[in-house]
Amino acid sequence: MTRRACVVGSGAREHALALALSRSASVLVTPGNDAMHGQSIQVSDLPATAIDADLYVIGPEQPLVDGLADELRDQGRLVVGPGRDAAQLEGSKAFMKDVLASAGVPTARYGAFDDADRAVAFLRELSGTVVVKTDGLASGKGVLVTEDLDEAEVDVRAKLSGASFGDAGRRIVIEEGLKGEEVTLQVLVDGNSAEPMAPARDYKRLHDDDGGPNTGGMGAVSPVASVDDALVKTLMDRAVAPTLAELRQRGIDYRGVLYTGVMITGEGPSVLEFNVRLGDPEAEVILPRLADDPFDLFASVASGTLSGAPRFSSDAAVTVVLAAEGYPA
């Protein structure tokens with residue numbers, strides 16, 4: 001009997017998920033896109049709750065924040081993706097920072113604001129590079145990184161007024177900028193245990209040589225030459241394990257992929273962000289290298305039976321994003 005997987009989403013990340021799962025299962029993607037049709041992949045405009053499958057993998061952050069994983073689990077389904085409470089790690093950057101502070105995880109100095117004058121006053125306390133983020137979801141695009149405080153003030157006022165990102169920006173987080181090498185470590189979490197996937201590096205600036213505005217990601221590479229097993233263990237011990245322990249302390253059950261964005265500074269690793277799903281474009285360089293059966297692996301995450309770290313080939317993978325003119329504005 002053929003196993004059936006349902007992938008929720010319509011982007012390149014979901015296409016990579018569907019291709020991986022189609023190695024050993026038939027796959028239905030909702031809503032998908034026209035490029036996804038293949039021998040074992042179909043698309044549907046039905047909602048995931050109306051689709052009969054053996055496993056559900058939720059790709060984007062918005063359905064997770066909206067509680068889709070909870071709805072599916074209430075139907076008795078096997079789901080890869082955290083519930084609404086855990087999804088606030090990505091749905092609210094202020095919530096994420098509070099969790100990091102409570103867990104004792106290294107992260108940049110920050111403040112959360114809904115008042116422009118207070119935000120600007122904090123901004124003027126910082127020196128060097130500053131980072132201004134929407135508190136809510138902005139598809140990875142609500143981030144300004146700059147050394148120009150006047151530019152930062154304009155951005156703060158535009159976000160808080162709702163002019164630039166609507167309601168997602170009516171609360172913001174301001175951080176000191178960190179310098180170092182950026183690394184993405186995506187971790188499989190089954191509610192109890194956590195196992196790292198292969199590291200990747202995402203390139204967020206629009207132009208070559210780290211120029212231009214921040215984006216949702218212009219490309220990625222895996223493996224990362226400067227990230228060895230010892231560094232992965234350090235990230236698991238100092239960032240991932242304390243965060244998951246803090247969530248459990250708050251009564252939150254996490255099942256899915258925990259995306260850990262880290263800056264390796266001169267003082268050691270510091271967490272830039274947590275996302276509650278596979279990264280895009282990181283998924284496109286990590287999933288093709290997966291040596292284990294993807295369906296079995298994700299089913300073990302969903303069912304709480306994950307045993308041991310997933311295996312990856314020694315191949316190298318790179319992805320480059322083709323973006324519409326005017327992106328990301």
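Me: Where is Asp209 found?
Reply: This is a predicted model, and in it Asp209 sits in the loop between strand E12 (201-207) and E13.

Me: Why is Asp209 called exposed?
Reply: Exposed means over 50% relative accessible area. Asp209 has 78%, so it counts as exposed. Asp210 has 56%, so that residue is exposed as well.

Me: What makes the phi of Asp209 worth a look?
Reply: Most residues other than glycine have a negative phi. Asp209 is not a glycine, yet its phi is positive, about 60°. Asp210 has a positive phi too, near 55°.

Me: Which residues does a cis peptide bond join?
Reply: Most peptide bonds are trans. Here a cis one joins Thr30 and Pro31, with omega about -5°, and Pro31 lies in strand E2 (residues 26-31). Another cis bond joins Ser222 and Pro223, with omega about 0°. Pro223 belongs to the loop between strand E13 (211-222) and helix H8 (229-249).

Me: How do you know that Glu195 has no salt bridge?
Reply: A salt bridge needs a side-chain nitrogen of Lys or Arg within 4 Å of a carboxyl oxygen of Asp or Glu. For Glu195, the nearest side chain of opposite charge is Lys233, 11 Å away, so there's no salt bridge. Glu195 is buried, and its place is in strand E11 (residues 194-196). Its side chain does reach the backbone nitrogen of Ala309, at 3.4 Å. Among the residues that Glu195 touches are Met236, Leu306 and Pro310.

Me: Why is H1 called roughly perpendicular to H10?
Reply: The axes of helix H1 (residues 12-21) and helix H10 (residues 294-303) cross at roughly 110° and come within 8 Å. Angles of 65 to 115 degrees count as roughly perpendicular, so this pair gets that label. Where they meet, Leu17, Ala20 and Leu21 in H1 face Pro294, Phe295 and Phe298 in H10.

Me: What makes the Arg3 and Asp293 pair a salt bridge?
Reply: Their side chains meet at 3.4 Å, N to O, and the limit is 4 Å, so the pair qualifies. Arg3 lies in the segment before strand E1 (4-9) and Asp293 in the loop between helix H9 (282-286) and H10, so the bridge ties together parts that are 290 residues apart in sequence.

Me: Why is Arg3 called partly exposed?
Reply: The label covers what falls between buried, under 20%, and exposed, over 50%. Arg3 is at 25%, so partly exposed it is. Asp293, at 26%, gets that label too.

Me: How do you know that Arg157 forms a salt bridge with Glu153?
Reply: Their closest N and O atoms are 3.2 Å apart, and anything within 4 Å counts, so they pass. They are 4 residues apart in helix H7 (residues 149-160), which means about one helical turn separates them. Both also belong to a network of salt bridges linking Asp117, Arg124, Asp150, Glu153 and Arg157. By this rule the count comes to 24 salt bridges.

Me: What joins the side chains of Arg311 and Asp292?
Reply: A polar contact of 2.7 Å. Arg311 lies in the loop between H10 and strand E16 (317-320), and among the residues it touches are Arg289 and Leu290.

Notes
Residues numbered from 1 in each chain as written. Predicted model: local features only at pLDDT ≥ 70, side-chain atom pairs only at ≥ 80, totals over all residues. Heavy atoms only, no water. Helix = DSSP H or I, 4+ residues; strand = E, 2+ residues; numbered from the N terminus. Buried < 20%, exposed > 50% of the residue type's maximum accessible area, 1.4 Å probe, protein only. Lys, Arg positive; Asp, Glu negative; His and termini not counted. Polar contact = N/O pair within 3.5 Å; in protein donor to acceptor, adjacent residues only side chain to side chain. Contact = heavy atoms within 4.5 Å. Axes fitted to C-alpha atoms, helices over the stretch in contact; angles between N-to-C directions. Parallel < 35°, antiparallel > 145°, perpendicular 65-115°, else oblique. Lists of a residue's contacts leave out its neighbours within four places in sequence.
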